[in-house]
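Dear colleague,

Please find below the structure that I am handing over to you. My findings follow after it.

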Amino acid sequence: MEWASQLCENRGLGSKMTDSKYFTTTKKGEIFELKAELNSDKKEKKKEAVKKVIASMTVGKDVSALFPDVVNCMQTDNLELKKLVYLYLMNYAKSQPDMAIMAVNTFVKDCEDPNPLIRALAVRTMGCIRVDKITEYLCEPLRKCLKDEDPYVRKTAAVCVAKLHDINAQLVEDQGFLDTLKDLISDSNPMVVANAVAALSEIAESHPNSNLLDLNPQTINKLLTALNECTEWGQIFILDCLANYTPRDDRESQSICERVTPRLSHANSAVVLSAVKVLMKFMEMLPKDLDYYGTLLKKLAPPLVTLLSAEPELQYVALRNINLIVQKRPEILKHEMKVFFVKYNDPIYVKLEKLDIMIRLASQANIAQVLAELKEYATEVDVDFVRKAVRAIGRCAIKVEQSAERCVSTLLDLIQTKVNYVVQEAIVVIKDIFRKYPNKYESVIATLCENLDSLDEPEARAAMIWIVGEYAERIDNADELLESFLEGFHDESTQVQLQLLTAIVKLFLKKPTETQELVQQVLSLATQDSDNPDLRDRGYIYWRLLSTDPVAAKEVVLAEKPLISEETDLIEPTLLEELICHIGTLASVYHKPPSAFVEGSRGVQHRRIPPRAGSVESAESPDVGQSGSSEAPPAVIPSQGDLLGDLLNLDLAPPTSTVPSVQPSMQMGAMDLLGGGLDSLLGGDIGGSPSMGAGLGAAPTVMPAALGGAPAVGGGLGDLFDLGGGVGMPTGFYVVPKTMWLPAMKAKGLEISGTFARRGGIIQMDMSLTNKAMSVMTDFAIQFNRNSFGMAPAGPLQVLTPLSPNQTIDVSLPLSTNGPVMKMEPLNNLQVAVKNNIDVFYFSCQFPLSLLFVEDGKMERQVFLATWKDIPNDNEAQFQIKDVHLNSDAASNKLQGSNIFTIAKRTVEGQDMLYQSIKLTNSIWVLAEMRVQTGNPNYTLSIKCRAPEVCQFVYQCYEMVLKN
Amino acid sequence: MIHSLFLINNGGDLFLEKHWKSVISRSVCDYFFEAREKAVEPDNVPPVIRTPHHYLINIYREKIFFVSVIQTEVPPLFVIEFLHRIAETFQDYFGECSETIIKDNVVIVYELLEEMLDNGFPLATESNILKELIRPPTILRSMVNTITGSSNVGETLPTGQLSTIPWRRAGVKYTNNEAYFDVVEEIDAILDKSGTTVFAEIQGVIDACVKMSGMPDLTLSFMNPRLLDDVSFHPCVRYKRWESERVISFIPPDGNFQLMSYHISAQNLVAIPVYVKQNISFFETGSSGRLDITVGPKQTMGKTVECLVVTVHMPKVVLSANLNATQGTYNYDPVTKILLWDIGKLNPQKLPNLKGSLSLQSGAPKPEENPSLNIDLKIQQLAISGLKVNRLDMYGEKYKPFKGVKYVTKAGKFQVRT
């Protein structure tokens, strides 16, 4: 490390650092005073001084300068003083690793102390000091403590293994601590068992495929025994662990349920919810005709209701979980509607959740009550809540047919209040009611039309225009109404413009004689005066349809629309099943699979409810039929924002879920103007790419089969899965998400988005080609202009099949760096030409420089030092990398994935200095020094290179890699 | 597990941080502040906040936000329960849980937090164990400590830590052995305009104060245990005996604790002790309105209703109220828009009435929302559900304890719609 310290001196970073540091953070006098007191002979004074130090530390003052003085107080028989010193050590050892070594002897000695409290305290504290040198000394004492005669020490040691694993996983494995930990599951003391389970669960989270918690009937039995005797927190860990077990048969399942049920009466709500999870999962295995099954169902309701009388934060989490439970098993809470009634002083987040569950529980039996409540809520103060309540009334109408009339009249009452946002929400939901019950409530149109002027939100305006267009033949002045909207056509949002275009075309097809002028006007507005490609395209399509074949136009535009489904916002069944296995977790709060979002949990397996023993009905979802809502599996609404969802939105925003088996032409109804594109989508490409699958969320029965292995893929989930995949390979080359390189507008319908990646030493250009035009594209080819690093395609562009309209294909083009070189501005600019059967298109894109970092870029230390000195200081560039929450080791790991190699690390005054080297494909070396200070998210990066113009781009790579 | 804890006051000052693993920069709280800002009211801050690298799970208690930082998948309820436990421990130690008291006792707070969690795993959360490890501050103790030089950290392993009854320490001694139970019931109800019950339920708890020597084994039985079908027990209660015999059998913790809570739901016909006749209306013109509220007894089981308070949340446009109360005093706060009418004892012979006019911001339109009434009340010597304790038996010790049971009924979230 000598060379590094030399380096420091060169750079003027002396040992004076410490002094200057505390002068700026604390008053000089204070620190001096404390120093004197800490060195006092009087015990009492010493203790008071340490207390003062701790107090300063808690409020964030830097008292690290007192490290040696505080550590000196450690050798004491006063337990309080010892504990205080330990507290201090844990906080500052990381920044003073050399000093911390001084404490090791005392720790090791304390681990042998006759008093179990001190033994436990010592091993516990040692585990909290995240310094490599100390952890080396920890192994022996820890091994002893894991086998200690006193259970208090054993249970502390069990947690300590988890701590050590967090710091150095390899060490834990090498030392065999995992096996010792597994043995502790059979410990005689329940608290030790609970902690061992907790520690193993935490370790297992970062170990994808390890068989750490190998559960078998014997261990399950031990866990169940410990469950009755350990603390409430231990019960949570054990229950969560039990939930991962798959019982062999229904009898075992029942016996576990029986032993878990008493936990439902625990005062700790987390225990209750974990118990609910175990029961919900295991009862799937019980035969439904079993008496016990019914008993269990009845037992589940009261504890869930009780959770709702707890603090609001607990209520919120409980409600998010109840939302899942109600979807899976509506029968459990079907009589408990009233507990979900909203109270005036509930926090808003509780109110909104309650409302959601009320709708889910609404049925013919209780609809009157629900409606009365909803009407009450519509007069509350909070605007968000009122809006949601009004929407809820619409959802009731769609869900419970018998109540539709009542709902409509309630909505009309609300419209009479003339409260602006209430009226707008009401109109949006009435549009849905029209779609569900056509030709039934059109008498209210007159009332709706009275409120035309007060609508200022796009969604409400679009809904109103849809209504006018759809029922143009019954509204005498439909043309006038639509004309009035047309005046400010260009100021409207796209949603309204599209809707207006369609509505006027509908009107024209219904009353061709009087509206010719109007339709001309709107078509020219849409096609000639608009910048919006969607609008223009749709305008042209209508125009051509109308001019070539009006009869066909009528068939397309006025086609009968499919009815909308009754249940909206349902969670896709496979996801729901997975979430039921994760009740009580963050996943259940966000209603997303755990793999989708928790950092570091790479090893999450998709959990599935075990199949019911000896049951024939497990394949089709039995509960839906039972609840009496519908025979078909519930259709899921494609979430807005995905590909097809957007297309569907063209005409009808919310619940446009369709029945899977309907033939395509019928299914598309008014959207048929997209013609062949959709057909081809439906034809062969289901399951091709996730985003398409997402769009087709309406076909849940087809999906799982088409997607084969991936268990929980379903509607609207494509994006989540992409994410999950990203988490799966943490230290590889970081690939920037694809960006749009060539918009369809500029390339006659060809859209290209892409990114670059370096995989196994090969540079690849990943592109998605999308055909947004009406005709098939073929004959693709690609060429690069000369560029700074001589990049060129290493092979032809492999687009084998013709690209049909609306199809997207992903291609990966390998690149070489032997092409002609020409310096570009900026340096990483790349000009590309793509040719197809239509034309040649040009675009330029910029690649991350890290693409060119080669795998053998690790420099010898001596060479590094020499080179660093050799490069003139003028060539050095300094950068700040802000807001990186990684420690230096994690950062160095991450960088290594992008071929930025850390050659050495040195820690000075709590600051880690990493010395790194990079080699580019054209053999340019880049040297870097990165300074990382614990607790400070801002890194300082100094880059030296003989070609200084690359520094800026190297810095960008650092920034990109560290932040992603 | 729980990674770090930040305490933040209502004004947005972060005044304490504690890390159980590596240190997480306090800048992570910026996400919390953002959510706090968006929520306007402190009560409305969402309990779980997602940030790019962490999850922030928070509770709001005693005007303090307890914000915890989570990095891995952890049951959120566990975290929330634990945060409440921290608040309760502070309350228990210092008599209140406020920013000032936490700052004054920052070292004890720090010692407590260190003792309650290890590496994010709960370690000791039972009050009696903690008190053996770290003694709560008292004036007397701090005097004794200064004189004798002894410390307020326990030197030996707490006895309860590993026994199968962690909630009780061994060797408890009292000269007077006593056991008191408070049956407290709260009525949560929503009544509609016409006075019909939309929803009503009873949340009951039995709080106990047991100061008895040795290891007493107690059995509490009820006259009418059938009322209780939805119960949650303190860990000390033997659930099997409740299942089979409907008695509560337990070895009590020392001192104050909540023995059980129960829930009697709407189906069981919850008695509503008072009725409210009200008429609050606003005129289309003239920027004014009228208010007329009368409260009377309904099902009080022959007991007196005390501490009766009516709170009305007025619409924003109401500037002032000119009212006349036949009993008690009223106060209208034009800032919070809350009208508070403190009635006191309800006299069935002469019903209290509050009547008069409201003046509105001139030119403002008639308010769109309806104000809502909240009722607060108390009835001594009565558990409104009719629950009655039958007897308390003690086994395992020789002495004869004093025993007592008290009943009280209160209004919980008791709301009348207008």
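I begin with a single pair of side chains. In this predicted model, A:Glu353 and A:Arg320 form a salt bridge through their side chains, with a distance of 3.2 Å from N to O. A:Glu353 belongs to helix α20 (residues 348–361) of chain A and A:Arg320 to helix α19 (residues 312–328) of chain A, so this pair ties together parts that lie 33 residues apart in sequence. Over all chains, the structure holds 59 salt bridges.

The interface of chain A and chain B comes next. Here 99 residues of chain A are in contact with 97 residues of chain B. The area buried between the two chains is about 8,500 Å², and carbon and sulfur atoms give 58% of that area. Across this interface there are 10 salt bridges. One salt bridge between the chains joins the side chains of B:Glu114 and A:Arg124, at 3.4 Å from N to O.

On the side of chain A that touches chain B, helix α10 (residues 151–167) of chain A supplies the largest share, with 8 residues. The residues of that side of chain A divide into 49 nonpolar, 21 polar and 29 charged.

How do helix α6 (residues 79–92) of chain A and helix α4 (residues 106–116) of chain B cross? Their axes come within 11 Å and cross at roughly 80 degrees. An angle of 65 to 115 degrees counts as roughly perpendicular, and α6(A) and α4(B) are therefore roughly perpendicular to each other. From α6(A), the contact is made by A:Glu80, A:Lys83, A:Leu84, A:Leu87 and A:Met90. From α4(B), B:Val107, B:Tyr110, B:Glu111, B:Glu114 and B:Glu115 take part. By class, this contact has 5 nonpolar and 5 charged residues, and no polar ones.

Two points of backbone geometry remain. A:Glu825 and A:Pro826 are joined by a cis peptide bond, with omega at about -10 degrees. A:Pro826 is located in the loop between β6 (808–816) and β7 (829–835) of chain A. In chain B, B:Val40 has a positive phi of about 65 degrees, although B:Val40 is not a glycine. B:Val40 is placed in the loop between α1 (29–39) and β3 (48–50) of chain B.

With kind regards

Note on methods: Residues are numbered from 1 along each chain as its sequence is written. Chains are lettered from A and ligands numbered from 1 in the order in which they are written. This is a predicted model: local features need pLDDT of at least 70, side-chain atom pairs count only at pLDDT 80 or more; totals for chains, interfaces and linings use all residues. Side-chain values use heavy atoms; hydrogens and water are left out. Contact means heavy atoms within 4.5 Å. Buried area is the accessible area (1.4 Å probe) that two parts lose on being put together, summed over both. A salt bridge is a side-chain nitrogen of Lys or Arg within 4 Å of a carboxyl oxygen of Asp or Glu. Helices (H or I, at least four residues) and strands (E, at least two) are DSSP runs, numbered from the N terminus. Ala, Val, Leu, Ile, Met, Phe, Trp, Tyr, Cys and Pro count as nonpolar, Asp, Glu, Lys and Arg as charged, and the others, Gly among them, as polar. Axes are lines fitted to C-alpha atoms, for helices over the stretch in contact, and angles run from 0 to 180 degrees between N-to-C directions. Angles under 35 degrees count as roughly parallel, over 145 as roughly antiparallel, 65 to 115 as roughly perpendicular and the rest as oblique.
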